[in-house]
Amino acid sequence: NFLSGEGDICRHLGYFGLTVGHFQTPLHEFNFAITNIAVDLRCGIRLVRAVELLTRNWKLSKQLRTPAISRLQKLHNVDVALSVLKTRGVDLKDEQGNLIDSRDIVDGHREKTLALLWRIIFAFQVEILLNEDQLQEE
C-alpha cells in the first residue's frame with residue numbers, strides 16, 4: 001500500500017539522484033539441476049558450473065557461450081571445463097584408456113560421461129570423503 005499509485009518508481013528515485021539498474025544474462029535464468037546425466041551435461045554449462053564450484057575459479061562462466069544452441073557452442077563449453085580439469089591434473093581417460101573428449105560429452109556418450117564424473121569425484125573429493133586412517137584399518 002505504501003507505493004500504490006506512485007506510478008514509475010524509477011522516476012521518483014531519480015529525483016533523489018538514485019538510478020535503478022539491473023543486468024541479467026542467460027545464466028541467471030539457467031536451471032542447473034540435473035535430472036538426466038546423458039542429456040543435461042551435453043551443453044557444458046552445468047559441467048563448467050561444477051568445475052567452478054570445485055576449483056573456486058569464478059571466471060569460468062564468463063568464457064561460456066550461452067545459450068548453447070549449436071554443436072560448436074556446446075563443444076566450446078565442454079572444452080572450457082575439460083581444459084581446467086587438465087590443468088588441475090585430472091586424468092581424462094576412461095576405463096579402457098581412451099581419452100574423454102568434448103565430443104563424447106556433447107554426443108551424450110553415457111559411459112564416458114560417467115567416467116568423467118568419477119574422475120572429477122576422485123580428483124577433488126577423495127580427501128574429504130575418505131578417512132585415510134579408517135581406510136588403512138579396513
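In this protein, residues 24 or more positions apart account for 50% of the contacts with a separation of 6 or more, where contact means heavy atoms within 4.5 Å. The structure is a predicted model, in which local features need pLDDT of at least 70 and side-chain atom pairs count only at pLDDT 80 or more, while totals for chains, interfaces and linings use all residues. Residues are numbered from 1 along each chain as its sequence is written, and side-chain values use heavy atoms, with hydrogens and water left out.

**Overall make-up**

- The protein has seven helices and zero strands, these elements being DSSP runs numbered from the N terminus (helices are H or I with at least four residues, strands are E with at least two).
- Of its 138 residues, 28% count as buried, a word that here stands for under 20% relative accessible area, with exposed meaning over 50% and partly exposed in between (1.4 Å probe, protein chains only).
- The protein exposes about 9,900 Å², of which carbon and sulfur atoms supply 53%; such areas come from the Shrake-Rupley method with a 1.4 Å probe, and for residues only the protein chains shown count as cover.

- Helix 4 covers residues 71-87, and its 17 residues should span 24 Å at 1.5 Å a residue, which agrees with the 24 Å between its end C-alpha atoms; the expected span is 1.5 Å times one less than the number of residues.
- Among the buried residues of helix 4 are Leu75, Val78, Leu82 and Leu85.
- An α-helix has 3.6 residues a turn, so residues three or four places apart point the same way.
- The largest nonpolar core has 25 residues, and Leu85 and Leu116 are those with the most contacts inside it; a nonpolar core is a set of buried Ala, Val, Leu, Ile, Met, Phe, Trp, Tyr and Cys residues joined through side-chain atoms within 4.5 Å.
- Two or more residues of this core come from each of helix 3 (45-55), helix 4, helix 5 and helix 6 (110-129), and helix 4 gives the most, with seven residues.
- Not counting residues up to four places away in sequence, Leu85 touches Val51, Val90, Leu92, Leu116, Ile120 and Phe124.

**A buried charge**

- Asp94 lies in the loop between helix 4 and helix 5 (102-106), and it touches Ile100, Lys112, Ala115 and Arg119 when residues up to four places away in sequence are not counted.
- Although Asp94 is buried, it has no salt bridge, and the nearest side chain of opposite charge, Lys112, is 4.3 Å away.
- A salt bridge needs a side-chain nitrogen of Lys or Arg within 4 Å of a carboxyl oxygen of Asp or Glu; Lys and Arg count as positive and Asp and Glu as negative, while His and the chain ends are not counted.

**Backbone details**

- Most residues other than glycine have a negative phi, and most peptide bonds are trans.
- Arg56, found in the loop between helix 3 and helix 4, has a positive phi near 60 degrees and counts as exposed because its relative accessible area is 60%.
- Pro67 is also found in the loop between helix 3 and helix 4, and the peptide bond from Thr66 to Pro67 is cis, with omega near -10 degrees.
- Just after helix 4, Gly89 takes a positive phi of about 85 degrees.

**Residues brought together across the sequence**

- Ile37 belongs to helix 2 (residues 37-40), and its C-alpha atom is separated by 7.7 Å from that of Arg110, 73 residues apart along the chain.
- Ile37 is in contact with Thr113, Leu114 and Leu117, leaving aside neighbours within four places in sequence.
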